[in-house]
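Please look at the chain shown below, and keep it in view while reading the short report that follows.

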Amino acid sequence: MWHVLLGGSLLFPGLYLLCSRCARWALPAWSEADCSLIGARHWLATSYIWLIIPYMVYDTYAMYLRHWYRCQNKQTLAGKDHFATAMDSFLRKDFLMLVHHTAILTILVPIALFFRRDIGDFFVGCLYVAEMSTPFVSLGKVLIQLKLQNSLLYKVNGALVLITFFLCRILLFPFMYNAYGQQYGIPFYKVPFYIPLQCNVINASMMAPQIYWFWLICKKALRLYTSSLSSKDR
Ligand SMILES: *[C@@H]1O[C@H](CO)[C@@H](O)[C@H](O)[C@H]1NC(C)=O
């Protein structure tokens, strides 16, 4: 996870530097600002979507696989084969995740690739920022698997999950509305009435599951905190 995070941190500024330097070298008549814009106007904003498609498909399959292996250890339900048992568990326990992945593939990807007519790179970029919390969420799961849930690392990581999730998946939406308002000189609270209704609907339906997941994370964090307090009392 960390090497991917590090890789991304090097890749994007690196590409920016490379593009703007190349532009400066190839187009000496251009101003510094024009060259910088070339570096920042990202073909990756759209190209990255093509990378997301196989990722979402793979991730859905990987989630199913997890249930498949889990069911292997359990007694298979009477009259059901392994596939049906795993599918049943997948649909029951990861239903929201499945809806999330399906909605990204069937709604957001077509919008980002075809319907936005190459405008709104900024908002597409904003949505990529949402993935900031994922390495910490995944690391938390790995630490549980390694039975390290009482370690300091697990607690620090838990705090990072809370912070990144809140900033990049919840606060992100008011931030986007605010950025839009600033761009057009509209007060923040009036933005919902200026943008098309479907934009509000899509933003709201993207935000709703994030609030729900954040609520689950908060509950888990509270349980962790209170249990570590009571274990100190003992
Ligand atoms: C979400 O809201 C922003 C800011 O108001 C808007 O520009 C953007 O198009 C919306 N996103 C979608 C996918 O409609």
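## Domains

Two parts of the protein are said to be in contact when heavy atoms of each lie within 4.5 Å. The structure is a predicted model, in which local features need pLDDT of at least 70 and side-chain atom pairs count only at pLDDT 80 or more, while totals for chains, interfaces and linings use all residues. Residues are numbered from 1 along each chain as its sequence is written, and side-chain values use heavy atoms, with hydrogens and water left out.

The domain assignment, which is automatic or taken from a database, divides the chain into domain 1 (1-42), domain 2 (45-119) and domain 3 (145-234). Five residues of domain 2 are in contact with six residues of domain 3, and the C-alpha centres of these two domains lie 22 Å apart.

## The surroundings of the ligand

Around the ligand stand F123, M176, Y177, Y180, V191, I195, C199, I202 and N203, where a residue counts as near if one of its heavy atoms lies within 4 Å. The protein covers 85% of the 360 Å² of accessible area that the ligand has on its own, as given by the Shrake-Rupley method with a 1.4 Å probe.

By class, this shell holds eight nonpolar residues, one polar and no charged; Ala, Val, Leu, Ile, Met, Phe, Trp, Tyr, Cys and Pro count as nonpolar, Asp, Glu, Lys and Arg as charged, and the others, Gly among them, as polar. A polar side-chain atom of N203 lies 2.2 Å from an oxygen atom of the ligand.

Conventions
A polar contact is a pair of N or O atoms within 3.5 Å; within protein, one must be able to donate a hydrogen and the other to accept it, and residues adjacent in sequence count only if both atoms are side-chain atoms.
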